[in-house]
Amino acid sequence: MEELLVPLVPMSHTAHIRSHRKPRRTAPSIAVRAGVASGVIGTLAVAAAAGSANAADATVTQTLELPTLTADLSAQVEQAAQFTQQAAANYQLQAERDSAAAAAAKEAAKDLDAAKKAEAKKKADEEARKAAAEAAVSRSETRASLSGGSDSDSVSAPASGSVATVIAFLKAQVGDSYVLGGTGPNSWDCSGLVQAAFKQVGVDLPRVSEDQSNYGTDVSLSNLQVGDILYWGAKGSAYHVGVYIGGGKYLDAANPSKGVVIQELSGYPASGAVRVL
């Protein structure tokens with residue numbers, strides 16, 4: 001038999017290892033891939049267009065809604081302003097009412113005060129009339145008790161002569177002027193003259209009529225003696241003083257129009273008297 005001989009082809013030592021190279025793409029595969037890519041790109045384009053359209057729609061929607069929102073806000077702002085104006089007007093009205101009420105209360109208080117003052121004046125006038133009536137009743141008694149019992153200017157002084165000194169000093173000042181706060185030697189006020197007269201005999205009287213009415217011993221107008229200090233007004237708050245010189249008369253620094261004079265006690269009855277000698 002003849003032997004079949006198979007020729008041996010020498011092989012590379014790496015021929016048994018699978019090639020690491022990628023197989024070549026065929027034309028149909030490339031075409032398919034290109035179609036897929038074209039489809040993807042088309043889809044993306046459509047999506048982008050749709051997105052642009054949606055964005056445009058959203059912009060339009062917002063543009064259409066903004067005027068409505070602005071109108072609502074404007075109406076609310078206007079309404080709030082109206083409420084504020086109304087509240088301010090209410091506050092102003094209330095303030096005016098409160099002011100009117102306060103003014104009315106103040107006026108009522110003034111009226112009440114005026115009424116009280118009128119009542120007090122009426123009461124004071126009644127008391128003055130009563131005092132004048134009592135003084136008129138006592139004048140006859142006073143005249144009866146005076147030394148000498150006449151209307152002459154003569155003075156019946158005690159034996160010591162101190163009262164005579166006071167009266168002599170007072171009569172020497174008749175005709176001098178009246179000056180408020182005057183203490184001599186040529187002008188006097190009522191208490192300044194009385195103080196200076198008693199100082200001649202060593203008696204230091206207080207300076208003002210209020211205090212002089214509290215000095216010495218109280219005597220009734222029906223039991224006056226020459227040299228007694230007469231006062232007008234309430235004791236301790238007298239507004240005028242003079243000195244009784246007998247015969248129903250007294251000597252005082254009367255006022256700016258009269259000056260230092262001798263006057264009838266019956267023409268201007270005193271409120272009370274004190275004795276210091």
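Modeller: Here we go through a few labels and the values behind them.

Modeller: Keep in mind that this is a predicted model. The chain has 4 helices and 8 strands, and from the N terminus on they run α-α-β-β-α-α-β-β-β-β-β-β.

Colleague: Thanks! How many aromatic pairs are there?

Modeller: The count comes to 3 aromatic pairs.

Colleague: Why is the pair of Phe169 and Trp188 called edge-to-face?

Modeller: Two values decide that. The ring centres of Phe169 and Trp188 are 6.1 Å apart, and a pair needs centres within 6.5 Å. Their planes stand at 85°, and over 60 degrees counts as edge-to-face. So the pair of Phe169 and Trp188 is edge-to-face.

Colleague: What makes this a link between distant parts of the chain?

Modeller: Look at where the two residues sit. Phe169 belongs to helix H2 (residues 162–172) and Trp188 to strand S2 (residues 187–188), and they are 19 residues apart. Both Phe169 and Trp188 are also buried.

Colleague: Why is the pair of Trp232 and Tyr250 called tilted?

Modeller: Their ring centres are 5.1 Å apart, which is again set against the limit of 6.5 Å. The planes of Trp232 and Tyr250 are at 50°. Stacked needs under 30 degrees and edge-to-face over 60, with the rest called tilted, so this pair is tilted.

Colleague: Which parts of the chain does that pair tie together?

Modeller: Trp232 lies in strand S4 (residues 229–232) and Tyr250 in strand S6 (residues 249–253), so the pair ties together parts 18 residues apart in sequence. Ring pairs also link Trp232, Tyr250 and Tyr268 into a cluster.

Colleague: How do you know whether Trp232 is buried or exposed?

Modeller: We compare its relative accessible area with the cut-off. Buried means under 20%, and Trp232 has 1%, so Trp232 is buried. For Tyr250 the value is 0%, so Tyr250 is buried too.

Colleague: What makes you call helix H3 mostly covered?

Modeller: That label rests on a count. In H3 (residues 190–199), 8 of the 10 residues are buried. Among them are Cys190, Leu193, Val194 and Phe198.

Colleague: And what share of the chain do buried residues make up?

Modeller: Buried residues make up 24% of the 277 residues in the chain. The accessible surface of the chain comes to about 18800 Å², of which 58% belongs to carbon and sulfur atoms.

Note on methods. Residues are numbered from 1 along each chain as its sequence is written. This is a predicted model: local features need pLDDT of at least 70, side-chain atom pairs count only at pLDDT 80 or more; totals for chains, interfaces and linings use all residues. Side-chain values use heavy atoms; hydrogens and water are left out. Buried means under 20% relative accessible area, exposed over 50%, partly exposed in between (1.4 Å probe, protein chains only). Helices (H or I, at least four residues) and strands (E, at least two) are DSSP runs, numbered from the N terminus. Rings of Phe, Tyr and Trp (its six-membered ring) pair if their centres lie within 6.5 Å; planes under 30 degrees apart count as stacked, over 60 as edge-to-face and the rest as tilted. Accessible areas come from the Shrake-Rupley method with a 1.4 Å probe; for residues, only the protein chains shown count as cover.
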